[in-house]
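Me: I would like to go through this structure with you, starting with the ligand. Could you take my questions one at a time?

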Amino acid sequence: MPNLHPVRRPLRVAIIGAGIGGLAAAVALRQRGCEVVLYERVEKLEEVGAGLQIGPNGVKVLRALGLEDELMRNAFEPLSIMSVTWDEGRLRFRQPLKEVSRQKYGAPYLSAHRADLHNLLRRATGDAPLHLGANCVGADTVNATAIARFADGSTAEADVIIAADGIRSAIRAQHFGDDAPRFTGMMAWRAIVPMNCVPTRIGPNGAVAVPHGEYFGWIGPNGHVICYPIGGNGDRLNIFGGHVTAEWVEESWSVPSSREELIAAKAGWNEALLDMFRHVEHVYKWGIYDRDPLPQWSRGRVTLLGDAAHPTMPTLAQGANMAIEDGYVLARLLARHGDDIAGALTAYVAERKPRTDWVTLKSREQFVSNQKPSPPPFVDRTWLFVNDVVREEPAHAPA
Ligand SMILES: Cc1cc2nc3c(=O)[nH]c(=O)nc-3n(C[C@H](O)[C@H](O)[C@H](O)COP(=O)(O)OP(=O)(O)OC[C@H]3O[C@@H](n4cnc5c(N)ncnc54)[C@H](O)[C@@H]3O)c2cc1C
């Protein structure tokens, strides 16, 4: 007697790259019943020693993945956002953030150490195999399977391959052109300072109170400096020291630096800020790169995700949030389309591209605005925060 109702086997997905995007995709796919295997180039999994902002849109995805409680234990929720002048430390504006984010957007606006988010996602992948030291050099569709190739000559087969291998993705180069990322004209120092070294009053005669727990930015000529607490109890302050420059001369896009170099770059800025810089440790500097939006991200059974698809300037603090969203949407669509992989990948790109294109282009716009003598209001992210991807149907991007 033939089996008229064969049990459908789970979809097998290979994910290349175990950064925030690849791990988030793995958690979302496993939640939908897929079999996931991760392949990561580095020998030891670790994240950059710096902070990360997780917008309410990203938090809503992590909530849907069952990770919000653990996230809240490791992340900080800044009370308000304030902006001060670079030289005198005078208050430009102060706006509530914690209350507004919860009430208006339906989820908190968080700041975290990248390693804490990365570890949380890694744990949430459970027993999904993770192969370290696996340097992927390409991926192809062969008949009804996808095959990834690695530098050591080995291969891996799956129903779908997700390239979450970052801004210099080998799979992107293979399928969509090997042009280099674009240097954006911005570099940044990244550092962390203990909260007890952070001033609580700044400005003329200490007129501006900066209670610990605030997110504050110094906007000035040739760059802006963004500071926000990280860690569950906000006992450290993450510093992003942005700097506008025509070129990036270093061989790598991230190189060790020093507090002396950071202080020299911001010579003439407010003394309270420079004094804080004197206490930072482990200073790194980064060249900031992005790419123009790509018309297509999928080829056969291979698709791109996160920075591999749409690397973005950090001026709206959304690159990792977009990668997390990508993973959730892709898992939802693969589950919905069943054996129709082509249909799922077409729907994925159609749903994600308008949103990620918007973020890429608005992030550039924000960078230009930051350099104006009287910067216009910050890009309005309401649409991004309100229309979350956990809804079954996507919302359209505003013009
Ligand atoms: C200064 C700065 C500040 C930022 N701040 C924020 C912020 O506040 N909020 C926010 O949302 N975003 C922020 N971003 C953006 C965010 O960091 C990225 O968008 C995010 O890390 C992208 O995640 P990803 O997983 O796609 O790529 P990645 O994090 O780059 O991970 C890619 C992974 O793939 C691996 N890999 C690479 N090549 C191969 C290969 N050939 N084979 C196998 N594995 C490979 C890598 O080792 C890595 O583990 C910031 C970026 C910068 C530079």
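Me: Which element gives the most to the shell around the ligand?
Reply: That is α9, with four residues. Please keep in mind that this is a predicted model.

Me: How many residues surround the ligand, and which are the closest?
Reply: The ligand is surrounded by 35 residues, and the closest are Gly17, Gly19, Gly166, Gly306 and Gly319. The elements that contribute two or more residues to this shell are α1, β3 (51-54), β12 (182-194), β19 (281-290) and α9.

Me: What is the make-up of the shell by class?
Reply: The shell around the ligand has 19 nonpolar, eleven polar and five charged residues.

Me: Why does the ligand lie between the two domains?
Reply: Domain 1 (8-44 + 132-180 + 293-369) and domain 2 (50-126 + 182-290) both give residues to the shell around the ligand, so it lies between them.

Me: How far apart are the C-alpha centres of the domains, and how many residues are in contact?
Reply: The C-alpha centres of domain 1 and domain 2 are 27 Å apart. In the contact between them, 22 residues of domain 1 meet 22 residues of domain 2.

Me: On the side of domain 1 that touches domain 2, where does the largest share come from?
Reply: The largest share of that side comes from α1, which supplies eight residues. By class, the side of domain 1 that touches domain 2 has 15 nonpolar, five polar and two charged residues.

Me: Turning to α1, are its residues mostly buried or exposed?
Reply: Eleven of the twelve residues of α1 are buried. Among them are Ile20, Leu23, Val27 and Arg30. The elements that cover the buried residues of α1 include β1 (12-16), β2 (35-39), α5 (114-124), β11 (160-163) and α9 (319-337).

Me: What is the span of that helix, and what comes just after it?
Reply: Helix α1 (residues 20-31) reaches 17 Å from its first C-alpha to its last, close to the 16 Å expected. Just after α1, glycine 33 takes a positive phi of about 90°.

Me: New topic: which residues have the most contacts inside the largest nonpolar core?
Reply: They are Ile16, Ala25, Ile161, Ile162 and Ala163, in a core of 111 residues. The element that gives the most to this core is α9, with ten residues. Domain 1 and domain 2 each provide at least three residues to this core.

Me: What does alanine 163 touch?
Reply: Not counting residues up to four places away in sequence, alanine 163 touches residues including Ile16, Ala139, Ile171, Val302 and Leu305.

Note on methods
Residues numbered from 1 in each chain as written. Predicted model: local features only at pLDDT ≥ 70, side-chain atom pairs only at ≥ 80, totals over all residues. Expected span 1.5 Å × (residues − 1). Buried ≥ 20, exposed ≤ 12 C-beta atoms within 10 Å, placed from the backbone. Contact = placed C-beta atoms within 7 Å. Near = placed C-beta within 6 Å. Nonpolar A, V, L, I, M, F, W, Y, C, P; charged D, E, K, R; others polar. Domains from an automatic or database assignment. Core = buried A, V, L, I, M, F, W, Y, C linked by C-beta atoms within 7 Å.
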